[in-house]
Amino acid sequence: MTKIIACIDGSITSPAVCKAAAWVSDKLQAPLDLLHVLDKNEYPKPENSKNLSGNIGLGSRENLLQELVELDEKRSRLALEHGKNILQDARVLAQQHHAINVTTHQRHGGLMETLSDLQQDTRVLVLGRQGQAHENETHSLGSHLENVIRALTKPILITLPEFNIPQRFMIAYDGSSTATKALEKVAVSDLLKGLECHITMVAEDDTNHQSQLDKAKQHLIAAGFEVTTALLQGVVQPALHEYQRANNIDLMVMGAYGHSRIRQFLVGSNTAKMVRMSDIPLLLLR
């Protein structure tokens, strides 16, 4: 059975991740799995710590080596226990916000490796824009976030330190096959049903683009959405953000990669820029 996977790390963003994941779980009536990954490079497994003895050079004192090994083991055990406590608190919060069948899951390894292993059973991945290492930097990205966006093929909901249930969402549409597939996924999913929908396109104001926008609008109207469209001019990111703020948009929806100006905007450093500068959660679709 596919699940909603939420990455919990104890940062200031974790409560928002819990609330966002609970909202997704409730809307899709899908079980929620709260995941805590303990980095194996920073916190080696206690039983492997003694392997350090092979790296000790000539002249090292045996008692100092033993103290270092014991300290490393204690640090790893405390981190594991702390992670379990974080998960239990997150489970209570998610249940309070109507998540379905909440479970907790702790892994010792790399985040990318873990998410790749779980991808087949993932319906939506929810994670915060900043992890513990960047939690005090308003417009920074977690160290793994861009790699996750590039590598995974599942929908990804990226939230900020605060999350409120969205009332209206905005689709950044460019007429590409990727954007059209994202729009089709919105149409058939229950996640955004009942929310006010805005479809925006940043392009020249001509008959072709107006036709593409109208076709997208009719597709979502047929799926039961209340739709407003806007053809915007200018640079993609500022134009989208200006529209978002002017219309009180709560959630931005984008195809992760396309073959047009949106694609150029998302590839490489532009991906990080888009996610970094957003004032609202983003739902990235493949």
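**Close-up views of a predicted model**

View 1. Serine 278 counts as buried because its relative accessibility is 0%, where buried means under 20% relative accessible area with a 1.4 Å probe and protein chains only. This is a predicted model, in which local features need pLDDT of at least 70, side-chain atom pairs count only at pLDDT 80 or more, and totals for chains, interfaces and linings use all residues. Residues are numbered from 1 along each chain as its sequence is written, and side-chain values use heavy atoms, with hydrogens and water left out. Serine 278 lies in the loop between helix H9 (269-277) and strand E10 (282-285), helices (H or I, at least four residues) and strands (E, at least two) being DSSP runs numbered from the N terminus. The side chain of serine 278 reaches the backbone oxygen of isoleucine 280 at 2.7 Å. Leaving aside residues up to four places away in sequence, serine 278 touches Arg129, Leu160 and His241, contact meaning heavy atoms within 4.5 Å.

**View 2. Helix H5 and what covers it.** The end C-alpha atoms of helix H5 (residues 177-188) are 17 Å apart, which agrees with the 16 Å that its 12 residues should span at 1.5 Å a residue, the expected span being 1.5 Å times one less than the number of residues. Thr178, Ala179, Ala182, Leu183, Val186 and Ala187 are the buried residues of H5, and their cover includes strand E6 (168-172), strand E7 (196-202), helix H6 (207-222), strand E9 (251-255) and E10.

View 3. Cysteine 7 is buried, with a relative accessible area of 15%, and cysteine 197 counts as buried at 0% relative accessibility. A search of the whole structure finds 0 disulfides, a disulfide being a pair of cysteine sulfur atoms within 2.5 Å.

How values were computed. Buried means under 20% relative accessible area, exposed over 50%, partly exposed in between (1.4 Å probe, protein chains only). A polar contact is a pair of N or O atoms within 3.5 Å; within protein, one must be able to donate a hydrogen and the other to accept it, and residues adjacent in sequence count only if both atoms are side-chain atoms.
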